[in-house]
Amino acid sequence: MRRLPPDHPHNFIRQANMHCIYCTGAYNQANSSALLKIHRSWFFFPWHRIFIYFHERILGKLIGDDTFALPFWNWDSPEVESGLSPEEQVSSNLAFMYNQMVSGARKPKLFMGCPSRAGEDGACNGPGTIEQAPHNALHSWVGSAGQPEREDLGAAWDPIFYAHHANIDRLWTVWDDLHGGRGVAGGEFLNDPDWLDSHFYFHDENARLVRVRVRDCLDISKLRYRFEEVKHPWLDEPSIPPSAAARRNTLLWQSIDFGPTGRTLDATLRRAFGGQGRRGPKRRWRRRKRCSWCTGSI
């Protein structure tokens with residue numbers, strides 16, 4: 001991937017820049033001067049799922065393995081850290097994860113983030129529980145505060161980004177299962193065309209520019225991947241009060257916008273999952289496994 005020409009859409013830096021341009025204000029919304037942002041709103045989970053999906057497909061294409069799957073770093077299964085005693089640290093981490101996944105995320109808006117709609121008046125700044133922490137905390141720990149959205153090292157320039165976000169994607173499926181596996185818990189978002197029909201552009205494994213709607217990525221069985229089953233010890237942990245959870249979010253950071261200047265996207269686009277109905281071309285299943293070389297936990 002690093003050896004590909006710099007202008008090739010599969011080049012590692014070009015892949016990393018896909019995240020950079022979407023999260024730092026490089027694009028305007030269609031037919032508007034409002035910035036397109038994919039963090040701190042209901043676009044966080046679907047955009048990153050699609051980004052990880054195509055990155056995984058590209059890697060599989062490059063190595064000639066259609067079953068290749070990215071590993072996930074399950075930092076929600078805590079290990080011993082410094083500061084507190086081992087027992088206190090583990091209990092604190094588990095209680096915090098329970099709050100972010102269960103007691104503090106009972107409604108879609110709390111977990112997914114606020115609804116971000118078209119135009120200046122539709123903007124919102126309300127990250128969901130997992131995006132706020134541990135997602136942001138992990139980026140803060142490994143990122144550079146001197147870069148917008150910590151794009152240097154902490155985001156897609158660092159290979160750990162992909163294992164980190166594979167776990168974020170896995171936790172979305174876990175949360176969905178906790179609410180009956182209905183996409184986003186009972187249909188609050190599933191009935192909203194502003195969310196379902198919002199779309200983004202990516203290059204697929206064949207270097208074609210494709211357009212993907214949010215509704216196209218909600219069922220991972222149609223994307224032909226699944227996750228290794230792992231334990232979730234935080235499900236058995238009692239919650240901590242919201243005020244205590246808020247105090248743990250001390251590593252959160254704010255973005256630095258590039259400004260209101262926009263950029264026009266390539267007009268060539270295709271449906272990403274077309275070919276055989278909504279399932280797309282027949283592909284072999286890919287199984288994402290726990291990362292064996294990732295260490296540390298929240």
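A nonpolar core is defined as a set of buried Ala, Val, Leu, Ile, Met, Phe, Trp, Tyr and Cys residues joined through side-chain atoms within 4.5 Å, where buried means under 20% relative accessible area, exposed over 50% and partly exposed in between (1.4 Å probe, protein chains only). The structure is a predicted model, in which local features need pLDDT of at least 70 and side-chain atom pairs count only at pLDDT 80 or more, whereas totals for chains, interfaces and linings use all residues. Residues are numbered from 1 along each chain as its sequence is written, and side-chain values use heavy atoms, with hydrogens and water left out.

The largest nonpolar core holds 63 residues, of which Tyr-22, Met-101, Phe-111, Trp-195, Phe-200 and Phe-202 touch the most other members. Helix α6 (residues 160-178) gives the most to this core, with 10 residues; helices (H or I, at least four residues) and strands (E, at least two) are DSSP runs numbered from the N terminus.

Aromatic pairs were assigned to rings of Phe, Tyr and Trp (its six-membered ring) with centres within 6.5 Å, planes under 30 degrees apart counting as stacked, over 60 as edge-to-face and the rest as tilted. By this rule the count comes to 19 aromatic pairs. The rings of Phe-43 and Phe-200 have planes at 85° and centres 5.6 Å apart, so this pair is edge-to-face. It links distant parts of the chain, 157 residues apart: Phe-43 lies in the loop between α1 (12-23) and α2 (44-63), and Phe-200 in strand β1 (residues 199-203). Both Phe-43 and Phe-200 are buried. A stacked pair is formed by Phe-45 and Phe-111, with 4.8 Å centre to centre and 15° between the planes. Here helix α2, which holds Phe-45, is linked to helix α4 (residues 108-112), which holds Phe-111, across 66 residues. Phe-45 and Phe-111 are likewise buried. One aromatic cluster includes Tyr-22, Phe-43, Trp-195, Phe-200 and Phe-202.

Contact means heavy atoms within 4.5 Å. Not counting residues up to four places away in sequence, Phe-111 touches residues including Phe-45, Met-101, Leu-171, Trp-172 and Trp-175.

His-39 is placed in the loop between α1 and α2 and is buried, with a relative accessible area of 7%. Beyond four places in sequence, His-39 touches His-19, Cys-23, Phe-44, His-48, Glu-131 and His-135. The side chain of His-39 also makes a polar contact with that of His-48 (3.4 Å); such a contact is a pair of N or O atoms within 3.5 Å, where within protein one must be able to donate a hydrogen and the other to accept it, and residues adjacent in sequence count only if both atoms are side-chain atoms.
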